[in-house]
Amino acid sequence: MLRVTTDSKPAWDVLGAAAAEAGIETEGAQLIRDGSNVMYRLPGGIVARIGRPGTADTAHREVETATWLAGEGIAAIKVVEELAQLVVVAERPVTWWHLLPPHRPATPAELATVLKAVHSLDLPTRPELPLHNPFADIAPRIRAATSINPDDRDWLLHRLTQLQADYHQLETTHGRYVLHGDAWQGNVAVPDDGRPILLDLEAFAIGPKQWDLVQIAVDYTDFARLTDADYKAFLTAYGDNDITETPEFRTFADIQELRWVAFAASKAASNADAARETCHRIACLRGRKPRPWTWSAL
């Protein structure tokens, strides 16, 4: 790990310092995404991934996970092995990845096929995957969201406490599978050759497989983003019982939706669209909007 000590810097300056350390050109770099991680397309088919401050351990594990998956025959994003992984600038980790070929998001069935393969993996010794924590970051994000009115904030925190109690009473919380951790269709890229490629490896963990199944399940039940045929294709490809018909589904679903609200709240202070979306999502959770809901991506 290479570490460059600087004062706090925006992502573009972090990229410049990291690229200089790694001997990479940044002229003509193009922003791909500015979210929890910031990603730039660089010359030579390289993608720079810039993490949040203090996440160097997570970035290191993501690099290890990519290498491990390749050895297990799981097609996933590939690190640029010729470059030192990773560089840390102003406490922000920078890793280097190969640019994906032209691609589309996975269909529900393609996502299910990838998840089935991931869930079939033996638990690894390296990378040392953490236990999945479905409640990570929820409380801090809610408490720090100054745009939320006090009544809504209190309700969300009370809801969190209630869901924590409900979750710890479920027998399924003891499941031990390799999880992707953020399993949705956009995190599986399908190039022209039709072979799906798994993306965003930073949330890989050990836990109950329901966490990788609940996102697409609530897309079907609560948001009507999937047709009956799409969801049936997902179930057929995965080859397991329908999570929506299990007694624990609602708890998993409610936690996932609370996580999405907390994420929106974390962006609300600096983004007017996120602030409006946060209010809308809270109204949905509080029963003020009937299902199926429509939530805008952030």
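Student: What counts as a cavity here?
Tutor: A cavity is a set of points on a 1 Å grid, over the protein atoms alone, where a 1.4 Å probe fits but cannot get out; its lining residues have an atom within 4 Å of a point. This is a predicted model, in which totals for linings use all residues, while local features need pLDDT of at least 70 and side-chain atom pairs pLDDT 80 or more. Residues are numbered from 1 along each chain, and side-chain values use heavy atoms, without hydrogens or water.

Student: How many cavities turn up?
Tutor: Searching the whole structure gives 2 cavities of 30 Å³ or more, a volume being the space filled by probe spheres set on the points, which are joined across faces, edges and corners.

Student: What is the volume of the largest?
Tutor: The largest cavity has about 80 Å³.

Student: And which residues line it?
Tutor: N37, R49, G51, R52, T55, T58, A59, E62, P93, T95 and E202 form its lining.

Student: Now the second largest cavity: what is its volume?
Tutor: The second largest cavity has a volume of about 50 Å³.

Student: Which residues surround that one, then?
Tutor: L213, Y231, F234, L235, Y238, D240, N241, D242 and I243 line the second largest cavity.

Student: Where does the largest share of that lining come from?
Tutor: Helix 7, residues 228–238, provides the largest share, 4 residues.

Technical notes. On a 1 Å grid over the protein atoms alone, a cavity is a set of points where a 1.4 Å probe fits but cannot get out, and a pocket is an open set with protein on both sides within 12 Å along at least five of seven lines; lining residues have an atom within 4 Å of a point. Helices (H or I, at least four residues) and strands (E, at least two) are DSSP runs, numbered from the N terminus.
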